Structure formats: structure tokens, C-alpha cells
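Work through the exercises below with the sequence and the coordinates at hand. Each task is followed by a solution in steps.

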Amino acid sequence: GAGAGAGTSRQLQPRDCSAEEERAFWTAWMRISPQLEETARRLGDTPQAQALRGLARLQRPTQPQLRIPVDMDILRRAYNLIKQVQAAVNNSAAQAAPAPVPPTAPAPAP
């Protein structure tokens, strides 16, 4: 193999974990899952977008399996990516609309 995408496939291996880890993983996943598809759409056809789509397709098991589908740091990276994209979207929206000038408050009298 030419080693293309070697880094990503390795990280998407399920791994064994404790019950606490598994719970923490799915709690974090539930928190970001609504934004995964949306962020992937905004990123277009990039490796990051593909990774986010992969995360969006995860199914939470009904019973604890003591396995998580990907490493927790992948969720962290996804979360950071979502935040970056949202910040960029907010910035571009702010630039599109002229920001209202806040009235200068008079200095409080001593």
C-alpha cells in the first residue's frame, strides 16, 4: 500500500474500555452528533468532513458493550472542528450584516 489515509483508518478501530469510558463517550457523542452532519456539509469534500460523517453514522448500542467505536480524542477533535466552523460561520455572518454600533455608556459618576 502507498500508505494513503493510513492515519484515519487506524483510529476508527473499536477498542475495549471501561463502563465509565463508554458512558462518557456516548454522552459526548450525543452532545455533538446534531452538529456533525451540518459541519461536514459546510466543510465540503474534505478528509475532515468524511471523518465527521463517519462519526455521525455511529449507532449507540442499546446495551453497554464495553467498547467504543473510535478513540475519545477523535470526538474531541470533532468537537473542536465543529467549534471552529461555527465560529467561522458566525464571523462571516457578522461581516455580512453591519454590526449595530453600541451606544457609548456615560461613565458612572464617582
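**Exercise 1. Confidence and overall layout**

Over residues 1–10 pLDDT stays under 50, and the model has 0 contacts beyond four places in sequence for this stretch. The model is a predicted one.

Solution. 
- Step 1. For the protein, the mean pLDDT is 84, with 77% of residues at 70 or more.
- Step 2. Of the contacts between residues at least 6 apart in sequence, 77% join residues at least 24 apart.
- Step 3. The accessible surface is about 8,000 Å², and carbon and sulfur atoms account for 57% of it. Of the 110 residues, 20% count as buried.

**Exercise 2. The largest nonpolar core**

Task: Find which elements give two or more residues to the largest nonpolar core, and which residues touch the most other members.

Solution. 
- Step 1. The core has 18 residues, and those touching the most other members are Phe25, Trp29, Leu36, Leu52 and Leu55.
- Step 2. Two or more residues come from each of helix H2 (19–43), helix H3 (47–56) and helix H4 (72–96). H2 gives the largest share, 6 residues.
- Step 3. Take Leu52 as a case. Beyond its neighbours within four places in sequence, Leu52 is in contact with Leu36, Thr39, Ala40, Leu43, Ala78 and Leu81.
- Step 4. As background, nonpolar side chains in soluble globular proteins tend to be buried together.

**Exercise 3. The buried face of H3**

Task: Determine how the buried residues of H3 are arranged about the helix axis, and name elements that cover them.

Solution. 
- Step 1. The buried residues of H3 are Ala49, Leu52 and Leu55.
- Step 2. Viewed down the axis of H3, these residues fall within an arc of 120°, so they line one face of the helix.
- Step 3. The cover over the buried residues of H3 includes H2 and H4.

**Exercise 4. Aromatic pairs**

Task: Find how many aromatic pairs the whole structure holds, and classify the pair of Phe25 and Trp26 from its geometry.

Solution. 
- Step 1. The search of the whole structure gives 2 aromatic pairs.
- Step 2. The ring centres of Phe25 and Trp26 lie 5.0 Å apart with the planes at 85°; planes over 60 degrees apart count as edge-to-face, so this pair is edge-to-face.
- Step 3. Trp26 and Trp29 also form an edge-to-face pair, at 5.2 Å centre to centre and 80° between the planes.
- Step 4. Trp26 and Trp29 are 3 residues apart in helix H2, which means that about one helical turn separates them.
- Step 5. Phe25, Trp26 and Trp29 form one aromatic cluster.
- Step 6. Phe25 and Trp26 are both buried. The relative accessibility of Trp26 is 3%, and Trp29 is buried with a relative accessible area of 8%.

**Exercise 5. A link across the sequence**

Task: Locate Ala28 and list what it touches beyond four places in sequence.

Solution. 
- Step 1. Ala28 lies in helix H2.
- Step 2. With residues up to four places away left out, Ala28 touches Met72 and Leu75.
- Step 3. The C-alpha atoms of Ala28 and Arg76 are 8.7 Å apart, while the two residues are 48 apart along the chain.

Note on methods: Residues are numbered from 1 along each chain as its sequence is written. Side-chain values use heavy atoms; hydrogens and water are left out. A nonpolar core is a set of buried Ala, Val, Leu, Ile, Met, Phe, Trp, Tyr and Cys residues joined through side-chain atoms within 4.5 Å. Buried means under 20% relative accessible area, exposed over 50%, partly exposed in between (1.4 Å probe, protein chains only). Helices (H or I, at least four residues) and strands (E, at least two) are DSSP runs, numbered from the N terminus. Contact means heavy atoms within 4.5 Å. Rings of Phe, Tyr and Trp (its six-membered ring) pair if their centres lie within 6.5 Å; planes under 30 degrees apart count as stacked, over 60 as edge-to-face and the rest as tilted. pLDDT is the predictor's confidence in each residue, from 0 to 100. The arc is that of the directions from the helix axis to the C-beta atoms. Accessible areas come from the Shrake-Rupley method with a 1.4 Å probe; for residues, only the protein chains shown count as cover.
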